[in-house]
Amino acid sequence: MYTHIGKDYIIKSDNIIAILNLEKIDKNNKEILKNMNIKKNIVDISKNNNKSLIIFEEEKVLKGYITNISSTTLAKRIQKELI
């Protein structure tokens, strides 16, 4: 299944590793992201309204999208697909 993550973007739900709430990101999460070394593979589709960071794996490479959709809404979308 696929999940709509904002604008015209969809990603395969099975590839999602984490959805982080950027409004409440703490020092530990920033350190994790730094250690994951995905900064160069992050695409911002949020139009300067950063709410969530979706981390996923594609072709054995960690990537991410910053979106203006809340982490709660994204989780609900994924959960709906599982039912």
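Modeller: Start with burial: buried means under 20% relative accessible area, exposed means over 50%, and partly exposed is in between, with a 1.4 Å probe and protein chains only. The model is predicted, so local features need pLDDT of at least 70 and side-chain atom pairs count only at pLDDT 80 or more, while totals for chains, interfaces and linings use all residues. Residues are numbered from 1 along each chain as its sequence is written, and side-chain values use heavy atoms, with hydrogens and water left out.

Biologist: What is L53 in contact with, leaving aside its neighbours within four places in sequence?

Modeller: Contact means heavy atoms within 4.5 Å. With those neighbours left aside, the partners of L53 include A18, I19, L20, L33, I42 and Y65.

Biologist: What makes E58 and K63 a salt bridge?

Modeller: The rule asks for a side-chain nitrogen of Lys or Arg within 4 Å of a carboxyl oxygen of Asp or Glu. The closest N and O atoms of E58 and K63 are 2.8 Å apart, and the pair qualifies. By this rule the count is one salt bridge. E58, at 34% relative accessible area, is partly exposed, and K63, at 24%, is partly exposed too.

Biologist: How do you know that T3 and S13 make a polar contact?

Modeller: A polar contact is a pair of N or O atoms within 3.5 Å; within protein, one must be able to donate a hydrogen and the other to accept it, and residues adjacent in sequence count only if both atoms are side-chain atoms. The side chains of T3 and S13 meet this at 2.6 Å. T3 belongs to strand β1 (residues 2–6) and is buried, with a relative accessible area of 1%.

Biologist: What makes the pair of Y9 and Y65 tilted?

Modeller: Rings of Phe, Tyr and Trp (its six-membered ring) pair if their centres lie within 6.5 Å; planes under 30 degrees apart count as stacked, over 60 as edge-to-face and the rest as tilted. The structure holds two aromatic pairs. In the pair of Y9 and Y65, the centres are 5.3 Å apart and the planes are at 55 degrees, which is tilted. Y9 lies in strand β2 (residues 9–12) and Y65 in strand β6 (residues 61–67), so the pair ties together parts that are 56 residues apart in sequence.

Biologist: Why is the pair of F56 and Y65 called stacked?

Modeller: The ring centres of F56 and Y65 are 5.4 Å apart and the planes are at 10 degrees, so the pair is stacked. F56 and Y65 are both buried, whereas Y9 is partly exposed at 29%. Y9, F56 and Y65 form one aromatic cluster.

Biologist: What makes helix α1 hardly covered?

Modeller: Helix α1 (residues 27–36) has ten residues, and the count of buried residues among them is one. N37 follows α1 and has a positive phi, near 55 degrees.

Key. Helix = DSSP H or I, 4+ residues; strand = E, 2+ residues; numbered from the N terminus.
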